[in-house]
Amino acid sequence: MSKSTKILVLPVYKRTWLFHTLRDEASSALAETEPDWTKGKNLIDKLSLASKQVNHKINDFMKKRWSDMQSAKEGTIDHKLYQAAQSVLSKEDPEESFFKSVPGDTRQLQVIYPASMSEVAVRRRLRMAALARYARHRRQLLGWTLASIPQLPLVLTPFPNVTLYYTVYRLVSSYKAMAGAQLVKSSFASSDQQQLERARRAIAEARLSACKGGRGKRGQGHKAKANTGSPESPQEAQGENPKPRGSLPPPVFLSSRTLDEVVRPLDRWDTPLSDESAAWLSQHFSLSGLEDLLARARRKAMEERKKQRGGKEGGTVGSSSTAGTAPGSTAGSGTGQVPQPQGSRV
């Protein structure tokens, strides 16, 4: 069965976007069923099913534990742990949460974006996010692994292991995000390979048509050169380049008018995406946790906006100082001298 993962593209505010994953009902129902290792045909299948069965039991235990902490009374240890976990999750980058949520058994990616947005822009943003996050979480995985080694003796001590728990959490989180980014990156790699094959076939056809249209010995010489100079041209013309093993097919991009009417990408340049829109999207697409991700994305967009305004204000102060005004002389190097202009303009 083909296990497809859909990715929603939601512009939040200015240049900040939010990616959110959702799986089809068949894949979700299949993921909820516990695998049985005894149904394996051979030893390798049984070991694979046994690993999936252990992971399924661990996930069920963690979900039950998280539900118990959510329903815990105020003042209890479980309630305090839930508040601490919420504080940690609230500081997590939305892109990291997105790549962590990409299932590892995905066989097809479907990207749903508002109809008024450009497919080229959506493709470029998702590709750059996957490349950047893969490199970043790969470095973080190494760093958190090295940081966890000196803390291993704390397991044998009666002291609280809060720092070790947090380190292990960050290690697992970096690993999951890196795996999700690798999956998206491999899907785009397949798309790049197909585009390269089409370009090669187009060049081969252009050379062949140029050779056929030539006259005399010059045309025959070009034809012989085209036939002997590119030994892989028959394969390119027939599209027989093999697909690399383990790679996903190229992602499918689907425009949605309904999503465009709700999100309104042009309005997001003036105002952030509202909670009402997020609630409607959660109900329409059966999403979970979208409101929390949207709040984090809005906070990230506001912080980037403040940084940009601070940079612009610094630029205006710097320009006033080069103009030789009184505020520039006091806010310059502290010597009270008016900076000289770098050059003159005509």
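Reply: Start with the term: buried means under 20% relative accessible area, exposed means over 50%, and partly exposed lies in between (1.4 Å probe, protein chains only). This is a predicted model, where local features need pLDDT of at least 70, side-chain atom pairs count only at pLDDT 80 or more, and totals for chains, interfaces and linings use all residues. Residues are numbered from 1 along each chain as its sequence is written, and side-chain values use heavy atoms, with hydrogens and water left out.

Me: Is E92 buried or exposed?

Reply: E92 counts as buried because its relative accessible area is 7%.

Me: How do I read a salt bridge, and which residue meets E92 in one?

Reply: Side chains of opposite charge can pair when their charged atoms come close. The rule asks for a side-chain nitrogen of Lys or Arg within 4 Å of a carboxyl oxygen of Asp or Glu. The count here is 11. In one of these, R296 meets E92, at 3.9 Å from N to O. The two are 204 residues apart: R296 sits in helix α11, E92 in the loop between α3 and α4. Helices are DSSP runs (H or I, at least four residues), numbered from the N terminus. R296 is buried as well, at 8%.

Me: What else does R296 pair with?

Reply: D292 forms a salt bridge with R296, closest N and O atoms 3.1 Å apart. D292 and R296 are four residues apart in helix α11, so about one helical turn separates them. D292 is partly exposed, at 40%. Through shared partners, salt bridges join E92, E96, K100, R170, D292 and R296 into one network.

Me: Where do R123 and E119 lie?

Reply: Both are in helix α5, four residues apart, about one turn. R123 is buried at 18%, while E119 is partly exposed at 32%.

Me: How do I read a pocket, and what volume does the second largest pocket have?

Reply: Rolling a probe the size of a water molecule over the atoms shows where empty space is left. On a 1 Å grid over the protein atoms alone, a pocket is an open set of points where a 1.4 Å probe fits, with protein on both sides within 12 Å along at least five of seven lines; lining residues have an atom within 4 Å of a point. Volume is the space filled by probe spheres set on the points, which are joined across faces, edges and corners. The second largest pocket has about 390 Å³. Of its 20 lining residues, S90, K91, E92, D93 and P94 are closest to the centre.

Me: Which helix gives the most to that lining?

Reply: α11, with six residues.
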